[in-house]
Amino acid sequence: DYKETISAAHFVLWVKEQLEKKYGVEIVEQGGLNVYTTLDPEFQAAAEEAIAERIEGNETGFGANNAALVSIQPQTGQILAMVGSADYFNEEIDGQVNMITSYRQPGSSFKPLVYSLALLNQYTAATVFYDVLTHFGPDTPKNYSGTFHGPLSMRQALGNSLNIPAAKAYFLAGEETAIVPYVNKLGLSLDENHSYGYPLALGAGEVMPLEYAEAYTAFANGGAKVEPTAIIKIETADGEVLEQWDEKEVEKTDVVDPEVAYIINDMLSDPTVNLGGSGGYMYIPALDNAAKTGTSTDEEGYPQDGWIVAYTPTLVTVGWSGNANGEPMAWNGEAYQTIAPIWKNYMTKILNRLEPTEWKRPEGIKEVAISK
């Protein structure tokens with residue numbers, strides 16, 4: 001059974017697609033272009049291995065036969081790793097579909113974006129949210145645990161990923177008329193004419209992992225987002241340089257207030273409130289790392305897509321788990337069990353390549369004791 005091996009298949013084909021759009025199919029097919037890309041072989045191998053080591057257990061234990069991961073360097077936008085599926089050659093899992101460029105609902109991993117806009121509206125990490133039975137029109141949203149927690153700070157509400165406070169944050173952020181343009185400025189492409197309502201804050205708008213990674217570069221960079229790039233240099237067959245990437249020319253777009261970015265980073269890297277704690281799947285002790293999981297659900301309430309967005313000041317990673325055909329996972333298949341362990345395993349493999357770093361703290365940040 002002859003199988004042509006192609007390393008980093010999804011990435012290579014995605015780059016080829018970019019080139020065809022720019023230079024035309026003929027030049028790409030026959031032109032003998034030499035293309036130098038940003039992919040880091042060590043990061044790519046670590047991502048592929050982390051998925052391979054977990055995927056069997058994910059399928060048997062949680063009903064998720066597929067996973068994907070992308071890593072971007074936030075300062076430059078360079079794509080260091082892109083794994084579009086657990087196995088490009090496996091048709092049973094629709095392996096050829098690149099999940100990194102597919103649209104899915106992000107679940108709770110979208111909440112930090114909504115809270116960041118609420119922070120811009122002068123609310124704080126200590127703002128009290130009442131996690132109690134609340135009617136939003138005819139709806140009464142529930143928390144994942146099915147229980148209520150009473151008064152909590154924004155930090156606790158985000159760390160414990162509670163839905164009722166997030167639905168309230170939707171209104172404090174200015175509802176969809178404010179949230180949709182804001183997240184699109186970060187790099188997402190939500191439909192500005194669609195009526196999402198408060199479920200938007202719980203992840204009802206579809207996002208693409210690659211765009212998602214772009215959006216979170218704004219937080220990793222302390223306010224400025226950078227577009228993902230895959231190409232360092234393109235030469236023709238006779239050595240003429242068509243394109244040359246230059247770090248000095250990287251466009252940084254200020255999209256988030258630096259103080260807001262710092263507070264989000266601080267809340268998402270606080271092991272005292274975040275699910276899993278300091279020993280869990282979302283925490284790397286050697287680094288300042290922020291992380292948020294998200295699980296979308298189908299109409300019956302079964303988990304459908306598992307997400308992790310996790311970043312340090314020098315690396316933004318988005319991971320996805322689930323089934324490419326949209327079939328739900330098993331009832332226990334939430335993100336913390338399916339994709340967070342893949343991310344942690346990946347990070348452990350590349351730890352020697354990552355500098356210990358800290359969030360750059362803007363001058364205007366104050367710490368004040370507040371009574372609930």
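A polar contact is a pair of N or O atoms within 3.5 Å; within protein, one must be able to donate a hydrogen and the other to accept it, and residues adjacent in sequence count only if both atoms are side-chain atoms. The model is predicted: local features need pLDDT of at least 70, side-chain atom pairs count only at pLDDT 80 or more, and totals for chains, interfaces and linings use all residues. Residues are numbered from 1 along each chain as its sequence is written, and side-chain values use heavy atoms, with hydrogens and water left out.

**Exercise 1.** Find the backbone oxygen that the side chain of lysine 344 reaches.

Solution.
- Step 1: lysine 344 is found in helix H11 (residues 340-350); helices (H or I, at least four residues) and strands (E, at least two) are DSSP runs, numbered from the N terminus.
- Step 2: leaving aside neighbours within four places in sequence, lysine 344 is in contact (heavy atoms within 4.5 Å) with Gly279, Gly280, Tyr281, Tyr283 and Ile284.
- Step 3: the backbone oxygen is that of tyrosine 283, reached at 2.9 Å.

**Exercise 2.** Describe how helix H4 and helix H6 pack.

Solution.
- Step 1: the angle between H4 (residues 111-120) and H6 (residues 163-172) is about 45 degrees, and their axes are 8 Å apart. Axes are lines fitted to C-alpha atoms, for helices over the stretch in contact, and angles run from 0 to 180 degrees between N-to-C directions.
- Step 2: H4 is therefore oblique to H6; angles under 35 degrees count as roughly parallel, over 145 as roughly antiparallel, 65 to 115 as roughly perpendicular and the rest as oblique.
- Step 3: on the H4 side, Lys111, Val114, Tyr115 and Ala118 meet H6 residues including Pro165 and Tyr170.

**Exercise 3.** Is asparagine 143 buried or exposed?

Solution.
- Step 1: asparagine 143 sits in the loop between strand E4 (128-131) and strand E5 (150-153).
- Step 2: its relative accessibility is 5%, so asparagine 143 is buried (under 20% relative accessible area; exposed is over 50%, partly exposed in between; 1.4 Å probe, protein chains only).
- Step 3: not counting residues up to four places away in sequence, asparagine 143 touches residues among them Asp131, Phe148 and Leu162.

**Exercise 4.** What is the phi of glutamine 122?

Solution.
- Step 1: glutamine 122 is in the loop between H4 and E4.
- Step 2: phi of glutamine 122 is near 80 degrees, a positive value in a residue other than glycine.
- Step 3: most residues other than glycine have a negative phi.
- Step 4: glutamine 122 counts as exposed, at 69% relative accessibility.
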